[in-house]
Amino acid sequence: MEKQAFKVFRFLSFLILGFIVIYCGLSFVIFGKFVLEQPRVTNEINISTNQLYSGLKDFDRKENTITSNSTDPWITLTLEKALSIKEIYIEVSKLSTNISKAQIYYANNDEEFSAEKYYNIDLIEGSNRVEISDSSKIKSLRLDLTDTKGVSVSISGVKIIPQTGALILWTLFIVTSIIYGWIVYRAFYPRSVGPKKNNITNHQIFKDILLYQDTSGLKLLGISFSITLLYYLPYITNTLYSIDDYYLNQLYNINIQTLGYNFNSTGRYMESVLAEIFYKINIQPLTKPLGPLLFIASMSLLGVHFTRILKINSFKIALGFVLLFTTNPFLAEIFHYSIIPAYSAFAVLALCIGVVLGEAYTRDRKIYLAILSILAYVISLTIYQIFFPVVFLIFLYKLIVPDFMSATKLNQTERYSKRLVPVIIYISSFIVYTVILKVSFYIWPPTLEYSGNNISEILSNIMNIEYWHKIYGNIQIYIMKDNPFNSGIINWILWIFSFGSLVLFIIKKGAAIEIPAKKIGHVFIAFMLITILGLFVCLGFSMLRPVEISSRSLTAFGIYQSILLLITLNLLASINTKPFIKKSLISLMVLLILFGNMGRIGRTSMDQYRLNTLEKSLVTRIVSRLEINPEFSPNAKLVIVGSPAIGNIAQTTWGDYNVPAIQQFSKVFLFNEITGYNFTMPNAEEIEKANTYLESMESWPSTQSIKSIDGIFIIKLP
């Protein structure tokens with residue numbers, strides 16, 4: 001007993017000392033010294049004008065404009081807590097001089113400002129960036145905006161960008177500690193050597209994920225990847241822009257510092273880690289062709305594993321199943337955004353690992369397999385949530401489709417482990433993710449409003465009739481009717497074909513009394529549940545926000561079609577349909593869907609190209625008009641009002657897809673991307689002032705459609 005206690009003591013000692021060494025080592029590698037700091041996911045602290053102006057000294061204030069009344073005026077700012085600051089951005093307007101010599105003083109903790117701790121800056125109109133090289137924690141700032149009496153300026157805000165070293169440190173520390181802890185545990189408590197029934201080694205799981213030694217699976221992966229690549233080739237070979245791309249291309253360096261607020265607000269913490277990794281290895285922004293290729297490969301890999309889970313032994317049936325999943329036209333909206341495919345690839349890969357590990361746990365009840373499966377699911381959710389519902393349809397099929405007509409042959413003793421356990425793991429991972437969100441949002445409140453994470457909202461809406469009207473309306477609009485990504489007629493043909501097979505099954509089996517009425521009822525209920533409940537699953541996370549649904553939320557729609565055809569195939573086989581007729585009918589249905597998918601994917605990419613070309617032409621003509629104005633400046637502020645005339649391209653706009661950037665938040669970034677200028681956005685006060693001139697102006701392309709007021713260009717579109 002004493003030896004065992006001493007062994008536990010040594011194990012814990014090694015563990016704790018190792019954790020301390022790891023933390024100190026990583027701290028010195030990242031910071032060059034020992035630090036103990038809470039990580040931050042949000043990338044900025046915004047100081048409002050009112051907060052800022054509360055610390056005025058030797059400034060006269062008139063509304064938002066301040067004027068120096070001495071040669072040494074300043075603004076003091078005390079932060080809520082000391083922070084390691086990377087950058088400070090000062091937004092300046094109405095500066096009465098071209099350049100103002102300014103200094104930014106900083107103080108650590110409660111010390112006084114000193115002549116040794118400051119940065120010089122030439123204050124100009126627009127955004128002014130101050131890079132802080134001192135890695136120590138800063139508690140107070142003093143902005144000496146000018147050394148001249150009578151200089152007036154308006155500060156619309158100050159943005160403070162904290163260092164992200166703490167987040168990187170803690171992420172690496174947690175990952176390294178898990179690996180170290182596992183190694184130490186195995187060193188003190190090695191596995192028993194004796195053989196075990198159904199024992200699965202770690203190497204075998206890794207091989208299963210990569211389809212190693214699965215010749216048929218690798219062949220299926222290669223063919224499905226190649227065919228899917230042809231479908232999305234127009235998106236890969238053309239330079240296309242979404243409304244987000246104009247902003248992201250101007251931002252360019254996508255990392256925690258620049259987009260951390262977005263990652264945190266949407267609950268995509270691992271996406272922020274990926275963004276930081278891509279940034280560190282200098283491949284940001286990660287776009288074409290690598291991003292789309294990785295995404296297509298991961299989708300194909302997940303599709304192949306689905307066929308293995310469902311035990312689809314026929315290569316042709318498996319290929320059709322995978323292709324219906326990967327060529328789902330709703331996925332085309334993911335390709336519509338240049339950087340999303342890269343992150344989506346890792347979300348799907350993590351989902352794939354979660355599925356494989358969950359299935360492995362049903363064969364070999366090692367608790368770490370279940371834990372790793374949950375971890376993989378959670379990682380997928382914290383990269384991009386929209387793919388998570390895809391797996392539920394596979395589990396739903398396994399749970400409710402009767403054994404005698406299922407592609408997955410399960411006996412009664414295997415039912416619990418083979419069907420229910422992976423579902424429990426899957427649901428548990430979602431609960432873990434929800435808890436992480438709640439805790440994270442409590443510690444780091446999101447800076448953006450995003451209803452896609454409000455999971456409790458769906459519970460409060462269950463009894464709300466209006467909510468279900470919206471959900472049904474979305475099913476009608478996105479699945480039952482035509483839209484840029486969907487063919488209502490093809491879907492109705494699929495439903496009629498499948499339901500017709502069900503009717504034939506009931507008539508033939510029921511009339512001949514070949515199987516009990518209970519089994520026929522089971523088949524009918526299973527079919528209707530898959531058909532109807534599957535439609536709601538297809539909506540995915542948009543069930544949380546039915547008013548803000550986007551096409552890319554329907555990632556599960558291809559699996560929905562595949563499973564319906566799989567059930568139909570089993571129904572036809574159950575009524576002894578001739579193999580040639582059965583195969584011909586299913587093949588024609590698959591080819592019809594794939595034919596329609598290719599047509600719509602190609603058309604949506606062409607529509608996006610047409611819109612980009614039209615906007616480029618329009619912006620070029622507008623800027624050529626601006627350039628002949630004597631008050632033109634490459635840094636001018638633009639107020640753009642109205643919507644451009646885009647002809648029949650307007651019919652292709654669908655939710656977030658193919659929306660003209662010139663009427664969205666990225667309108668100024670659109671101008672900068674096309675012209676190479678550095679136009680800026682006006683503040684609310686300047687926009688309000690510009691609106692007073694609109695009535696006296698005519699719409700584009702009239703010569704009176706552009707007006708210059710105090711260095712601000714007002715552009716009135718139709």
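Student: Which helix gives the most to the lining of the second largest pocket?
Tutor: That's α3, with 10 residues. Keep in mind that we're looking at a predicted model.

Student: OK, and which other helices supply at least two residues there?
Tutor: Besides α3 (165-188), you get α4 (202-209), α9 (269-280), α13, α14 (367-381) and α16 (415-443).

Student: How many residues line that pocket, and which lie nearest its centre?
Tutor: The lining has 46 residues, and Val175, Ile178, Met270, Leu375 and Ile379 are the ones nearest the centre. The space in this second largest pocket comes to about 2000 Å³.

Student: How does its lining split by class?
Tutor: You have 39 nonpolar residues, five polar and two charged.

Student: What lines the largest cavity?
Tutor: Its lining is made by Pro329, Phe485, Asn486, Ser487, Ile490, Asn491, Phe557, Gln561, Ile593, Asn597 and Arg600. By class, that lining has five nonpolar, five polar and one charged residues.

Student: Now the packing. Which residues touch the most other members of the largest nonpolar core?
Tutor: Phe306 and Phe387, in a core of 131 residues. Helix α13 (residues 340-363) gives the most to this core, namely 13 residues.

Student: What is Phe306 in contact with, leaving aside its neighbours within four places in sequence?
Tutor: Phe306 contacts Phe321, Phe325, Val355, Val390, Val391, Ile394 and Ile559. Apart from that core there's another one, of 31 residues, including Ile132, Leu143, Leu145 and Val158.

Student: One more thing, helices α7 and α8. At what angle do their axes cross?
Tutor: Roughly 145 degrees, and the axes of α7 (residues 243-251) and α8 (residues 256-265) come within 12 Å.

Student: Which residues meet there?
Tutor: On the α7 side, Tyr247, Leu248 and Leu251; on the α8 side, Thr258, Leu259 and Tyr261.

Methods:
Residues numbered from 1 in each chain as written. Predicted model: local features only at pLDDT ≥ 70, side-chain atom pairs only at ≥ 80, totals over all residues. Heavy atoms only, no water. 1 Å grid on protein atoms, 1.4 Å probe; cavity = no way out; pocket = protein on both sides within 12 Å on 5 of 7 lines; lining within 4 Å. Nonpolar A, V, L, I, M, F, W, Y, C, P; charged D, E, K, R; others polar. Core = buried A, V, L, I, M, F, W, Y, C linked by side-chain atoms within 4.5 Å. Buried < 20%, exposed > 50% of the residue type's maximum accessible area, 1.4 Å probe, protein only. Helix = DSSP H or I, 4+ residues; strand = E, 2+ residues; numbered from the N terminus. Contact = heavy atoms within 4.5 Å. Axes fitted to C-alpha atoms, helices over the stretch in contact; angles between N-to-C directions. Points joined across faces, edges and corners; volume = space filled by probe spheres on them.
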